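Walk me through this structure, one part at a time.

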Amino acid sequence: MSHTDIERPQPGAGTSTSEALLVEPSRLSPTRRALTTVLRSRELSIFLVLVAVVVLATTKNNGFLFSSDGWRNFLLNPSILLLLAVGQAVVIITRNVDLSVGSTMALTAYLTGRLFVDQPNIPIIVVVLACLAMGAVLGLVNGVLVAYAGVPALVITLGTLYIYRGIMLTWAGSDRINAGDMPRDFLSLGTKTILSIPVLTIIAVVVLAVVGYYLHTARGGRELYAIGSDPDAAHLYGLAVRRRLLAAFVLSGALAGLAGVLYTARYGTVSSGVGSGIELQAVAAAVIGGIAIFGGSGTVWGAAIGAFLLVTINRALPSLGIEDFWQRAVVGVLILGAIVLDRVLARRQARKLAESRDHS
Amino acid sequence: MSTSNTAAPVLVLRDVSKSFGPVVALRSGSLSVDAGSIHALIGENGAGKSTLVKVVAGVHRRDSGVFELGGEAVDFGSTADSKQSGVAVIYQEPTLFPDLSVTENIFMGRQPLARGRRIDRQAMHTEAEGLFRRLGVRIDPRRPAEGLSIADQQIIEIAKAISLDARLLVMDEPTAALSGVEVERLFAVARSLRDEGRALVFISHRFDEVFELCDTVTVMRDGSYIDTRRIDETTPSDLVSLMVGRDVDDLFPKVAAEVGEPVLEVRGLNRAGVFHDIDFEVRAGEIVGLAGLVGAGRSEIARAVFGVDAYDSGSVTLSGKAVRARDPRAAIRAGMAFIPEDRRKQGLVIDASVTRNVAAVIRNGIARAGLITGSMENKAAGPWAGRLEVKTNALDMNAATMSGGNQQKVVIAKWLATNPKLLIIDEPTRGIDVGTKSEVHRLLSELAGQGLAILMISSELPEVLGMADRVLVLCEGQITAELDRAEATPEAVMHAATHHLEDVR
């Protein structure tokens, strides 16, 4: 069992860097490896599409990015969807899905308004914490049902989507929260900027960074990937599958709660239709950003760029003079394209890995 | 039970039982393993070894009996519990996370941490490389687990178990997919672990391995403990008679059949990374054995011939007519039947009744006006199940709750009902008890006598040698030998199955 037994063969003339990255990453130098990984990542390609959209829209209309309003909207509008997409991404990575986030966001948005109406002097931080807690509890309900009842998350969260929305409608009745009901400080949070970057965007990006870091470098984060990659193997391995699933759903719920507060701060009014349909946008953002719908791969960075791309396209298409129908169709094509691309790439990778056995 | 060692054994199991519904998988399992010892656990397929292992691993909870680890009574509710107590298990089938890197697969849940509870990837990769060096294999620790050969997957399982630093290491047939060199390296590691004072349990079908590696052996039969012996006080034939508990003479009742026209002709079949230039034919009344190590591509060829998987080039003809690629329905229509290796996943609708399973493939034949009633299904399925002596209380019993032998019979019945010209059968007797085994063999031999062409894949050499008229040996996706019944000796087959590997490495 000497060292020479594991001598690496000389790199074959035919193998490219990308193939080496797949089959024998250790052969590449660390810098080369990192560079190739980034260059070949889904995140980069989605980011380039985003850049292309922005460039196109800006050449057509200079104000799309370079007016103070355009810049602010570019950063501000995707922030709420970004929070939801991050939560959604974490859940999808575990081979589940959370469709209830739109309703959870609506409930917490209403809770925000209600608290300010009932307790005009309540500190803003208390409201934020209350909404986080409420979102977390609603997420916990999803998590418990998914982890213990053994019913697919799609069905469970479809159910809670309606239940949570129903609770919100009953609770709110014909009430409507208006900007006048809320303190000025709170509302200004929705539009305030620091160094020309909106506060909402900063919050969303901080959350993204924390979750992204956790998924990449913490044991718990890696276990989420393992669970999504093969749930049975995760059980056999002795991972705390249920606890991790609970945590994923609680996070998704809490982020939806946070999105609810921020929504109220941003728009100032809360009506019964808040956030309906946004759960599908969150799923779309995650999928476009390269999160595999069957779990186990993808990053929240991709999901965040996906959220930016979705919102920015929706804003860019009208200014490019494209009709409403086509705007929706474009989003649809994006989603289908992302999923097809996902399958094609996965297949190609599997094939390449299988072929590599011939040469070894 | 065994040895005069004064220290308490690391593992003690006494009269442990486990049932799944009406099926008793483990009647009375006993095992006592000392520190610094490699203990072989042998027995026929279905003797309850794997169930015993799963009880030790915490996958199953025993119904009754004593279970002690290091002198203390334990009761594992999950695999996490057993891991915590220092038990590492290598299962028969590797269980890896395909999306994650090889290193992550080894260290999942217990990665080395740097400051701030951050995973120390550098340390993790270094440690993985160290493990592979110790095992003497060349696997890139950074590559994804997806696409690895079964042998490599098994090696990762072994690396995982070794890195656990366990006091008890259980290996359930770890060598099934390994080549000679790899087996040697595994044994060297096993011996060094033994010398460190750990206890090892080694399950294998290969007597040469048991006698080479182990110091004590426990035999099981039909879910029960039979005997424990010191390895230097016993012989292979002793062990065989303990395992079988009956005469082994008529285990493979092969009857010579008249060989007719070629039924299946396979020419130049290729699939990148899986198999290359596969040429062979199977004639009417002939049983052709497909031998080779696990992962050599045997099942893949069978799946490609049947049209489940695609192939890149080549042709498949049945009775002179070309069979369309990637179309199992066309293959069935042409007269092929395929019984896959993993009955539970691929051959049976596991949650459906026996009747429904048997009737499933002949639906079109028994349907009236496109509709099927329960009584029609019963009428069609009854004779087949009867003929094969499927022992279920009633035909409407769920297939999931039957024993492996009966499941296999149901699958065979299912396909015979289509009157095929060619039967492809992958590991016909895996997980089947001895009595049923020879039943299955007799049945196959009988079917060949009636003019059916049979392509049989098997990892059990005696089965291949006993049953096949002709043996094709595969190695790394290529046919390395074609042997007549007379030429087919264990040595010749094993040489052809491994020489390719040895040359390369």
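Residues 245–265 of chain A have end C-alpha atoms 31 Å apart, and the span is 100% helix and 0% strand. Here helices (H or I, at least four residues) and strands (E, at least two) are DSSP runs, numbered from the N terminus. Residues 154–173 of chain A have their end C-alpha atoms 28 Å apart, with 95% helix and 0% strand. Both spans are among those that an unreviewed UniProt entry lists as "transmembrane region" in chain A. UniProt positions follow the numbering used here, feature names are shortened, and annotations may be inferred rather than shown by experiment.

The model is predicted: local features need pLDDT of at least 70, side-chain atom pairs count only at pLDDT 80 or more, and totals for chains, interfaces and linings use all residues. Residues are numbered from 1 along each chain as its sequence is written, while chains are lettered from A and ligands numbered from 1 in the order in which they are written.

Now to where the chains meet. In chain B, 34 residues are in contact with 31 residues of chain A; contact means C-beta atoms, placed from the backbone, within 7 Å. Helix 2 (79–84), helix 4 and helix 6 of chain B each give two or more residues to this side. Helix 2 of chain B gives the most, with 3 residues.

Next, strand 7 (168–172) of chain B. Of its 5 residues, 5 are buried, so strand 7 of chain B is largely enclosed by the rest of the structure. A residue is buried if 20 or more other C-beta atoms lie within 10 Å of its own, exposed if 12 or fewer, and partly exposed in between, with C-beta atoms placed from the backbone. In a regular strand, side chains alternate between the two faces of the sheet. Both faces of strand 7 of chain B are covered: B:Leu168, B:Val170 and B:Asp172 lie on one side, B:Leu169 and B:Met171 on the other.

Strand 7 of chain B has partners too. Strands pair if DSSP finds at least two bridges between them. Strand 6 of chain B runs parallel to strand 7 of chain B, joined by 4 bridges. B:Ala88 has B:Leu169 as its bridge partner. Strand 8 (residues 199–203) of chain B also pairs with strand 7 of chain B in the parallel sense, over 5 bridges. There, B:Val170 stands opposite B:Val201.

Helix 5 (residues 150–163) of chain B has 14 residues, which should span 20 Å at 1.5 Å a residue; its end C-alpha atoms are 20 Å apart, which agrees. The expected span is 1.5 Å times one less than the number of residues. In helix 5 of chain B, 12 of the 14 residues are buried, so this helix is largely enclosed. Its cover includes strand 6, helix 3, helix 4, strand 7 and helix 6 of chain B. After helix 5 of chain B comes B:Asp165, with a positive phi near 60°.

B:Leu213 is found in helix 7 (residues 207–213) of chain B. It counts as buried because it has 20 C-beta neighbours inside 10 Å. B:Leu213 and B:Ile38 are 175 residues apart along the chain, yet their C-alpha atoms are separated by 7.2 Å.

Key: Contact = placed C-beta atoms within 7 Å.
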